[in-house]
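Have the structure open while you read.

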Amino acid sequence: MKEIGKFSGTLLLVTVVAAGALSAVNSVTKPRIERQQQLKTLEALGVALPGVPADAIESVSRDGRILYYVGYESPGSRRVVGYGVTGKGKGYAGDVETLVGVDTSFTIVGIRVLAQRETPGLGTKIVETRAGETVPYFQAQFVGRTAAQCKVDKDGGPIVSITGATISSRAVANGVAAAIDSLRLWLSSAAAREVAAEADSTKSLSPLMSQ
């Protein structure tokens with residue numbers, strides 16, 4: 001019994017020490033990881049919303065989750081020039097996450113693939129920049145298109161699939177289209193709330209105005 005008690009005590013001590021060590025490591029690495037993620041998102045927004053100053057982009061969140069980004073003409077301006085929103089499509093090896101930027105008519109002005117685990121040499125061509133070019137050639141096809149046009153050629157759309165990587169190509173197209181559709185819904189909901197709030201305000205003022 002004494003041996004069992006000694007073993008249990010040792011095991012408990014090791015567990016406490018390990019948990020403390022992990023907590024210490026996490027406290028050091030978490031801020032760095034979050035900072036790296038912020039820089040990555042900022043860089044992607046610069047691609048998705050070209051010409052929009054970084055300090056003129058604001059995020060819109062709900063329940064702690066960023067829904068979309070709003071790009072203004074300049075810092076301090078309230079004139080909206082575009083939106084950024086992330087989307088996911090089912091790729092060959094998992095979700096392919098993209099950030100897409102649109103202007104106020106929901107025409108795509110830029111996209112950036114944020115995360116993917118596709119097959120090297122095939123699916124990874126969705127992020128490949130060819131020699132002499134400055135942007136990934138596959139992603140460049142999306143600029144100037146609408147959500148309805150975000151279909152690969154194998155699905156009857158204008159986006160030319162990467163040879164041997166149709167699933168990866170489709171993942172980007174579907175993710176971008178879904179992201180823009182979600183953005184439309186969120187903006188419609190926000191507009192509806194603003195109209196409702198204005199109606200309530202008008203209603204509350206009515207008794208005073210009739211006096």
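## Rings and the core

Phe138 is buried, at a relative accessible area of 0%; buried means under 20%, exposed over 50% and partly exposed in between, with a 1.4 Å probe and protein chains only. Phe142 is buried too, also at 0% relative accessibility.

Before going on, a word on the source: this is a predicted model, where local features need pLDDT of at least 70 and side-chain atom pairs count only at pLDDT 80 or more, while totals for chains, interfaces and linings use all residues. Residues are numbered from 1 along each chain as its sequence is written, and side-chain values use heavy atoms, with hydrogens and water left out.

How many aromatic pairs turn up in a search of the whole structure? There are three. Rings of Phe, Tyr and Trp (its six-membered ring) pair if their centres lie within 6.5 Å; planes under 30 degrees apart are stacked, over 60 edge-to-face, and the rest tilted. Two of the pairs are in the table.

| Pair | Centre to centre | Angle between planes | Type |
|---|---|---|---|
| Tyr68 and Tyr83 | 6.2 Å | 75 degrees | edge-to-face |
| Phe138 and Phe142 | 5.6 Å | 75 degrees | edge-to-face |

The tyrosine pair ties together distant parts of the chain: Tyr68 sits in strand β2 (residues 65-72) and Tyr83 in strand β3 (residues 80-90), 15 residues apart. Helices (H or I, at least four residues) and strands (E, at least two) are DSSP runs, numbered from the N terminus. Tyr68 counts as buried because its relative accessibility is 7%, and Tyr83 is buried at 13%. Ring pairs also bring in Trp186, making a cluster with Tyr68 and Tyr83.

Tyr68 shows up again in the largest nonpolar core, which has 43 residues; Tyr68 and Phe142 are among those with the most contacts inside it. Such a core is a set of buried Ala, Val, Leu, Ile, Met, Phe, Trp, Tyr and Cys residues joined through side-chain atoms within 4.5 Å. Which element gives the largest share? That's α3, with 11 residues; α3 spans 166-210.

Over in strand β4, Thr98 is buried at 0% relative accessibility. Thr98 and Val113 are 15 residues apart in sequence and 4.2 Å apart in space, C-alpha to C-alpha.
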